[in-house]
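Let's take a walk through this model together, one part at a time. Have the sequence and the 3D view ready, and look for each piece as it comes up.

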Amino acid sequence: MQRITIDPITRLEGHGKIEIFLNEQGDVANTYFQIPELRGFERFCVGRPVEEMPILTNRICGVCPEAHHMAAAKAADAVYKVDPPPTAKKLRELLYSAFYVTDHTTHFYALGGPDFIMGPDAPVAERNILGVIHKVGLEIGGKVIQARKYGHTVVEIIGGRKVHPCTSIPGGLTKGITEEQRQEIEKMGRWAVEFGRFSLKIFNDIVLGNQAYVDLILGDIYTHHTYYMGTVDENDKVNFYDGMVSVMGPDGERLGKYAPSEYTDWIAEHVEPWTYLKFPYLKKIGWKGFVDGKDSGVYMATPLSRLNAASGMATPLAQEEYERFYSTLGGKPVHQRLAIHWARLIELLYAAERWVELATDPEITSPNFHTIPTQTPTEGVGIVEAPRGTLTHHYWTDERGILTRVNLIVGTTNNYAPISMSIKKAAQSLIHNGTVVTEGMLNMVEMAFRAYDPCFGCATHSLPGRMPLEITIRDETGNPVQVLKQFC
Amino acid sequence: MSGNGSGKPKFAMCWAASCGGCEIAVLNTHEKILDVDANFDVVFWPVAMDAKYKDVEAMPDGAITLTLFNGSIRNSENEEIAHLLRRKSQILVAFGSCACEGCIPGLANLSSSKELIETAFTGISTDNPQDLRPAYSWKAPEGELHIPKFYPVLKTLDQVVNVDYYMPGCPPESHQISAVIDLVIQVLHGQGELPPAGAVIGAGNSTVCDECQRTRNVKQIKKFMRIQDIQADPSLCLLEQGVLCNGPATRSGCTALCPSAGAACIGCYGPAEGVLDYGARLISAVASVIDSQDPDEIESILDGIPDPAGMFYRFNLAGSLLRSSKAAWKTNGNQ
């Protein structure tokens, strides 16, 4: 049987490898997306004091340490059954909102956006952030740097450090903010709102204004009918920091909502022996393999999923964009994976608006930012929405708060099955009767998983935009018959 | 970034088992990246440019002037890349805590590799009725699949190759990265000299305590406190308030960021100048603040430190004299 190997060689650690097998007719028989990494956090965190978790689990991912820092702090709150004061919760959410602006900016402008702004058929040398700057104008480069800088500045003011924040502890935070800092944060937030609007305008003008791009988004290659997951607030609106986890069915009917402590009733993780990563699925539906549909427990957790699983956005400008999104794409839920990029920009605008809301909250500068826990620690679950999916931390401790057991379901992991399915579908759609594989095919397959902003091994970010790929087609004896390269 | 033969000195940055935070820290130097681009031919930097492993293999040995290597050695693939870049680089820098001393993932050396894998595949949400484990080689119906072999213990970069310089921090602070880039550029222009081989660069020569703005009164303590159990005074030394702070053993260079934010130093800049074993130094520093001469009382005060192994060797276990726990060595063998 013929085999095609796609090695994303930017990931020298080997965080992902795609194997495509062709049958005798030269059609795709199967594909495997392998994750060859394990670091063992769930084991070596046992024995550590629970208040260490916000700084230990940061180091799972240096691209989104804020997500682990928050989920760990919330799980530690739950372990101690302590409710942090409102100021602490608002400061954490403020930090988190600024982080979201930074993270979504990086993805849209450097990773996913170039496919649209430059077009999927543009020369590869132009399909990157530099190409975007050339096409949209030099000022955009400055704006992207500014958005990243502002976000990191807020993370440092509240979290103590730009990378790997250190201030969240059980019961709240180790510090508050001054009025002077609040003013600075508010000013940057107002700029971020304008940046969010500007980003949506670019998407509107360049992508939605071009029928070929709209057709690409709506096309079948990138469409899957699965369940969708995302956290919602008490009004059923998208929330990144806190709330109930909502699950929407492929038919638009909600399966239900769960509180963090109920996650084991909802989620299970399927095991395959050819990869180090597990495949989460909906326990109530069951694992039926890598298949679409209402009877398959496969779900997705991305910006699009969050929009699908909620009734709207909690801020006015983002809500307008939410309505336009669904009216343009034909109602809820939206199944087209490439729409994740658009949904990401709506979330960026929401995060910026939320940043300003929290920065102008009268309680935000209160010195009441920590409640000393008084209960005996036992067990707790903390959930936040990481940019790449619902992030669950579950801890058990002894009566001194020393961890005895840890379970983590990390952002991108949620999407392992749907990403695998998207890769298979793209490959099946593009390879028939042993067609000679072209460079365009490489990009089309890559687009299938880039939409998810995958962060396997926690840093699959390739900043100027593209992930080098190499596809080797081998004959039955393993000799390469054709090698295709992109950016190699 | 040029990437072609421009005659400029060649620069590479590479990650092994890491979280990506080192790369983010480098990108956070913003315009300094342009200085790198102006002065170097960036030949390999997976996060920031398109490059290929095979291109590095094709270079003559020693072709790369400077390589910043972050991440630890968790599997055979990591080690292969370390050997390759060592061969191709004139100057190889262990960049960041993982490469220098193992960092948080080095705490895995307290467990055996079997336990690490076991835990991941038997967790409460894991659906694994056949009790499967990842197979290095697996015969799928369509053909054989392979994944890299997980090493018995996590290693630091200098445990597998010779390292020229060490740049500590988790991650190294951007102002320190900028200073190192400036220095290297000066050296290239004949306006400066490289530090002696084996030196720590991009950090200070004293301790985090020396950079810390908190007041120290050389006060001794009767009890250790957990950070969540107190409302700490924002201007007083945390150790004197009973919070285990790693400042006394930790190298300066970060500007005491964590203590400034109300949190204890966690030790990410590694051992201070002249310290052979980080944990041993911290234990002696901590012992000196204990206000008692009575062995029983001392023991009960020390019981207030809930996790000595994890807190004294938080970032440093893999690079310490201990390197791993007995349990890990016993089951894994001396590898």
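Chain B splits into domain 1 (10–104 + 154–188), domain 2 (110–152) and domain 3 (208–326), with bounds that come from an automatic or database domain assignment. A quick word on what you're looking at: this is a predicted model, in which local features need pLDDT of at least 70, side-chain atom pairs count only at pLDDT 80 or more, and totals for chains, interfaces and linings use all residues. Residues are numbered from 1 along each chain as its sequence is written, while chains are lettered from A and ligands numbered from 1 in the order in which they are written.

Now pick out domain 1 and domain 3 of chain B, whose centres, taken over C-alpha atoms, are 30 Å apart. Where they touch, domain 1 of chain B puts in 15 residues and domain 3 of chain B puts in 12; two residues are in contact if their C-beta atoms, placed from the backbone, lie within 7 Å. On the domain 1 side, α5 (97–101) and β9 (150–155) of chain B are the elements that give two or more residues. Helices (H or I, at least four residues) and strands (E, at least two) are DSSP runs, numbered from the N terminus.

Over to chain A, which has 14 helices and 16 strands. Of its 488 residues, 64% count as buried, meaning that 20 or more other C-beta atoms lie within 10 Å of the residue's own, with C-beta atoms placed from the backbone. Strand β2 (residues 17–22) of chain A is largely enclosed by the rest of the structure, because five of its six residues are buried. β2(A) runs antiparallel to strand β3 (residues 28–34) of chain A, and six bridges join them; strands pair if DSSP finds at least two bridges between them. Glu19(A), for one, has Tyr32(A) in β3(A) as its bridge partner. The two strands make a hairpin with five residues between them, and in the turn Gly26(A) has a positive phi of about 85 degrees.

So how do the chains meet? The contact takes 76 residues from chain A and 71 from chain B. On the chain B side, α1(B) gives the largest share, six residues. That side has 44 nonpolar, 16 polar and 11 charged residues, where Ala, Val, Leu, Ile, Met, Phe, Trp, Tyr, Cys and Pro count as nonpolar, Asp, Glu, Lys and Arg as charged, and the others, Gly among them, as polar.

How values were computed:
A residue is buried if 20 or more other C-beta atoms lie within 10 Å of its own, exposed if 12 or fewer, and partly exposed in between; C-beta atoms are placed from the backbone.
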